[in-house]
Amino acid sequence: MKLQKKTKKTKKKEPAVLRPQEAAAVSDPSVSDDGREDEQVVGGASVKRSRPQVEVLEDGVLRPVKLSRGELYKPPTTEELNTLRETESLFHCSLLKMQMEELLKEVVLSERRRRLIDTFVQEVTELLQDVPHTPDTELCDQSWLPKGVKVPFLQVPNIVKGRFHMAPPASVSLVGSYPLGTCTKPHVTVDLAVTMPAEILYPGDALNQRYPRKRALYLAGLAHHLAPQPAIGSLRFSCLHGNRLRPVLLLTPPGKDSSNVTLRLLPCPPPGFFKPTRFHPQRNNIRSRWYTGLSTEDADFKEPPTPHYNSSLLGDLLPLPHLNFLSATAAHCPAFTASVALLKVWLRQRELDQGYGGFSGFLGSMLVAYLLSTHKINNMMSAYQVLRNILHFLASTDLTENGISLSKDSDPAAPSLPEFHSAFQVVFVDPSGHLNLCADMTASTYKQVQQEASLSLQFWDDPTLDGFQVLLMTPKPLIRSYDHVFQLCGLVKLQSTSKKLGLLSELMDHSGNYVLTVLPYLLSLLQRGLGARVHLLTHTLPPTPQWAVNSDPPKHKDQPPLSFGLLLNPEFSATVLERGPPADSPQAEAFRQLWGGRAELRRFQDGEICEAVLWGGKTACEKRLVPREIITHLLELHADIPESCVRYTGGLLDEVIKVRRESCSTGEEDSLQVVQSYDDLSRKLWRLEGLPLSVTSVQGAHPALRYTQVFPPVPFKAEYKCFGKVKKSGFLGLYLLLPLTEKPCPVYITPIKVVCHMEGSGKWPQERMAIRHIKAAFHLRVAELLKKEHNLVCQPSPTHLDVYKDGLVFRVQVAYHREPQILRETISPEGMLCYRDNPEAQRLEWETLHRTYLTSTLHGLQQQHPSFGAVCRLAKRWVGAQLLSGELGDDAVDLLVASLFLQPAPHTSPCSPQVGFLRFLHLLSSYDWKNSPLIVNLNGDLTGADYTEIKNDFVAARSSLPVMFIATPKDKKMSVWTKEGPSVQILQRAIVVAAESLQVLETQLMDPMQQQDFKVAFRPPLDLYDVLIHLNPKQVPLHSQAVDPPRFTYSRGALHNPSLSCKSLPVIDFNPVDRYLAELRAAFGDLALFFCDPYGGLVITVLWKPQAFKPQPFKTAQMNARRVEVIGDEVHTLPNVEAILEDFRVMGAGLVTEVEPRTEKWVI
């Protein structure tokens, strides 16, 4: 087939209308027609660069002309040298600067979209000039409004004085980010201020919601006028930043451009119509008698101030003054627009810019203007420098204590900063001196902004991190950023809460929005109760609602549940005893009022009698949920919010790693018991006397010794009636237990591997077989000494020694540090001694050096981060459940999880298993495994130079390295942990499944309306496999560990928590499923892949290899599991599928119940 080049006819374009800036650029004489000089803005400075000439050939393709040697090696100009010097001093590398520049190109509006916006704005402006007049009516009489349009305002109370009629707007003008040049993608919103005519307003309309209701009626009239116009695509009502007092009308253009831009109509009063002093935060504009319908007889009654209501109305007076102020600021700072764009991206990734009380882009623009006015940044700084200074200011300045002001004129009528602080939690005053820009923001939200800014600065200066990815490209949803999350459902309950707390004046101030009224008090209450248990308590921003113009506005109870996030302090979060003040101190009464009936007097070890609260929880799993107990108790005691309305999602995933389903333990106690028993055995091995060589070190090499075994070994004693007994001849009268065929498969006993290093000596032989014999002799001698000195049951073998201690089995392996080097020795044909690496030496080195180092290091990491082990166990349980554990090993998963704790950017280290597991799924699904090594800096041994070396070596040898490359301080070049797997296909499968599991879990955890079945993320899809081998649960020893545990279990000959004295060695490391899988892979590994859940899975899945079914030439030596097929004169062989399936049954006799071929999935 020949490819033909198609020519495309181009339509002649009409000349576009140039903006003033574009016209100036065209007329600039410094830009020549031949394009040899180009002026580029870099970091706020203009740099002229020479551009190579281009040659236009007949085919219309532009090709660069070759430069002469003098032009090619021309020295850089002064401007270029300055740019290079700035890049070197301000950026870790020039890549970060280029990344930021490319990001700005992506988020800034294109000229095509700007032309679309300008056209749409012009059309809407012309339509608004034709708004018809309506008769003058009472404000409560809304019969003139058509049935197809509803008033976007909750009119409670319904009766209000005043008159209203529709009329064309006095003026229409662009405001906000679009004319300022800071409007960014992907959500492009353009604000259009529609000035209402003065004739429909009265100076007294600020009182009792008259102005907001007239504003809403005017907006409804505009919606009715614009709805039938063909130039309008869709109309919806919304609220400005979620403020119900400030409804807006959202317009989109028709056709395919409807998703490109949203035009937001903002009705506002004429300039100077209301006096700003009318909206002083200490003044009242909502009368209690009007709002409640009740009159007061108290002559001394004083109307409470309504600061939030006042700031909402005052905000409508200032869009144009604010635009003029910011435009003047931007004109003197070339990097203003770029820095605001970067700040908007930073805020959006952290979900801080949307909703009521958020840190909006407008607020960010004002903050940049403030920093410029106070000379904390200057006009010559680049966008990079400005963003850094913004984050530094946010991290170091507490606006909840020390507010700031943009006002330079000392207006005596303007409120003072102390007056603002008395009315609002966060204070940032605008240039007029009358409006608090942060009036709607809670202190918790600002603390969250401070926390994020502090973290960003911390990660920014770390040369080992990809700062661009961490700061600007990684989203931080609430469920993945905070250790515990809980939701308040049934928000209508907050109405009674406001009554109980006596918040009538605050309810009037928020115009009946009881959710916003109660929220600050709930945050304060919970912060008092949680105290040092949390570093940060924050909440999601109430969302900005949208609704159709023919629908009533949503009620307060209809908004989504309020979500709260807890950033736990691991030192105190799980403490069950809350110690209060001494019983005779003045603070004791306040403590008792806070905790109610849970407070009690207790005598502590220091002899002091204090108030105290004791919370439930014996296991680590229960102690992690102490914050839930505190929160539900306080909400029910003080806010009348029942526990049924609190949906706590801190430990919902613990169910899949509970060691015994009837218990409330997730295995931490069992892991601790294993480590304590190992420590005791280690001391006994160290103190053995009578060995030819002394013990130099005893190191663990098993996941249970680093708290990461999915189901830790549990002490047990064998139930003798379930086993046969055989005496082992020749060694200390030891009896061995054997499984009986008529009984279920015995309980699986995992041997806990321990490596015992012996001292180096000239007595060690230098031949590999001799070393093995010496090690076997050591195993015999150590067994004799342990039996003699400590009466331990031991079973030696040539490769290891099994020790039965405290109901656990330890597998001790003697090691000699020079053995891997000796295994690499080889004699060349010339008789020379040389060293060559080989799989045997690598395997021994991995078992005795790398794995022991990993175990000891991760054990230390567990001591620093108590949730590390539980996160590893959840991750490995998921890997096993998704049938990936055969390719993605336990050690690799532990290292993946360790990276989340050692380099948690852009988060803090996880303090709960749930959030750590979610981050594990995100890491697995989003990391660039193809182009980047995952560097796990264990013990902080790697320096910045090591990071650079690892990355350079990785790039140089990428084709020969594992698909998933994990580097550690002891393994910088090979990635021994993933050398055997996963393959490219398996890794791609893991990435897809991890992404789907993450989406399912985050949706269920955050959406109470979803069906709550978290185990769906642990159930693998079986539709893509070719054959399913079903197993007999009676012969699957770990069947009780399945994701969906069986209702009935088999007795497998284990007695838990008995008297552990036993002289018979149990059946060790016997799992028929593992042995069957090994036989299948050995016999048919060239034809298929085999997968199984190692934790109680009842299905082995088979996936045929496509290349195995290609016809092969006939060879008698390669006829295993193949059949002959003659095609013409050629004889070929193909896999004999029927015989292979029969072999599956025969090899698994007694274990396999059914072999189910999925014939629709493969064709021979």
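**Salt bridges, cores and confidence**

Mentor: Arginine 348 is partly exposed, its relative accessible area being 26%. Please note at the outset that the model is predicted.

Trainee: With which residue does the side chain of arginine 348 meet in a salt bridge?

Mentor: Side chains of opposite charge can pair when their charged atoms come close. The N to O distance is 3.9 Å, inside the 4 Å limit for a salt bridge. The residue is aspartate 353.

Trainee: How far apart are the closest N and O atoms of arginine 811 and aspartate 802?

Mentor: Both arginine 811 and aspartate 802 are buried. They form a salt bridge, and the closest N and O atoms are separated by 2.8 Å.

Trainee: Which parts of the chain does the pair of arginine 824 and glutamate 845 tie together?

Mentor: The two side chains meet in a salt bridge of 3.1 Å, N to O. Arginine 824 counts as buried because its relative accessibility is 16%, under the 20% limit, whereas glutamate 845 is partly exposed at 22%. The pair ties together parts that are 21 residues apart in sequence: the loop between helix H26 (819–823) and strand S30 (825–827), and helix H27 (residues 839–864).

Trainee: How many salt bridges does a search of the whole structure find, and which residues are linked in a network?

Mentor: The search of the whole structure finds 48 salt bridges. The network of salt bridges links Asp680, Arg683, Lys684, Lys805 and Asp806.

Trainee: Is lysine 876 buried or exposed?

Mentor: Lysine 876 belongs to helix H28 (residues 868–881). Leaving aside neighbours within four places in sequence, its contacts include Pro703, Thr708, Asp890, Asp894 and Tyr1095. Its relative accessible area is 2%, so lysine 876 falls under the 20% limit and is buried.

Trainee: Which residues of the largest nonpolar core touch the most other members?

Mentor: In soluble globular proteins, nonpolar side chains tend to be buried together. The largest nonpolar core has 163 residues. One of its members, leucine 265, is in contact with residues including Val124, Leu192, Leu219 and Val248, leaving aside neighbours within four places in sequence. Those that touch the most other members are Leu222, Leu249, Leu251, Leu265 and Phe428.

Trainee: How many residues does the second, separate core have?

Mentor: Among the members of this second core are Leu567, Leu918, Leu923 and Val1043.

Trainee: Which residues make the nonpolar surface patch of about 330 Å²?

Mentor: One of them, valine 1124, is placed in strand S40 (residues 1122–1127). Valine 1124 is partly exposed, because its relative accessible area is 42%, between the limits of 20% and 50%. The patch is made by Phe1114, Val1124, Val1126 and Val1131.

Trainee: What distance separates the C-alpha atoms of arginine 113 and asparagine 260?

Mentor: Arginine 113 lies in helix H5 (residues 111–128) and is buried, with a relative accessible area of 15%. Not counting residues up to four places away in sequence, arginine 113 touches Lys185, Pro186, Val188 and Asn260. Although arginine 113 and asparagine 260 are 147 residues apart along the chain, their C-alpha atoms are separated by 7.5 Å.

Trainee: How far apart in space are proline 281 and phenylalanine 420, C-alpha to C-alpha?

Mentor: Proline 281 sits in the loop between strand S11 (262–268) and helix H8 (288–292), and is buried with a relative accessible area of 3%. Its contacts, leaving aside neighbours within four places in sequence, include Pro305, Pro415, Phe420 and Phe424. Proline 281 and phenylalanine 420 are 139 residues apart in sequence, and their C-alpha separation is 6.8 Å.

Trainee: What share of the contacts in the protein chain with a separation of 6 or more comes from residues 24 or more positions apart?

Mentor: The protein chain has 34 helices and 42 strands, and 51% of its 1164 residues count as buried. Of the contacts with a separation of 6 or more, the share from residues 24 or more positions apart is 71%.

Trainee: Over which residues is the pLDDT below 50?

Mentor: The protein chain averages a pLDDT of 87, and 90% of the residues score at least 70. Where pLDDT is low, the predicted coordinates should not be read in detail. The stretch with pLDDT below 50 has 59 contacts in the model beyond near neighbours in sequence, and comprises residues 1–61.

Terms used:
Residues numbered from 1 in each chain as written. Predicted model: local features only at pLDDT ≥ 70, side-chain atom pairs only at ≥ 80, totals over all residues. Heavy atoms only, no water. Core = buried A, V, L, I, M, F, W, Y, C linked by side-chain atoms within 4.5 Å. Buried < 20%, exposed > 50% of the residue type's maximum accessible area, 1.4 Å probe, protein only. Contact = heavy atoms within 4.5 Å. Patch = residues over 30% accessible without salt bridge, like charges linked within 9 Å, V, L, I, M, F, W, Y side chains within 5 Å. Areas by Shrake-Rupley, 256 points an atom, 1.4 Å probe, with all protein chains shown as cover. Helix = DSSP H or I, 4+ residues; strand = E, 2+ residues; numbered from the N terminus. pLDDT = per-residue confidence, 0-100.
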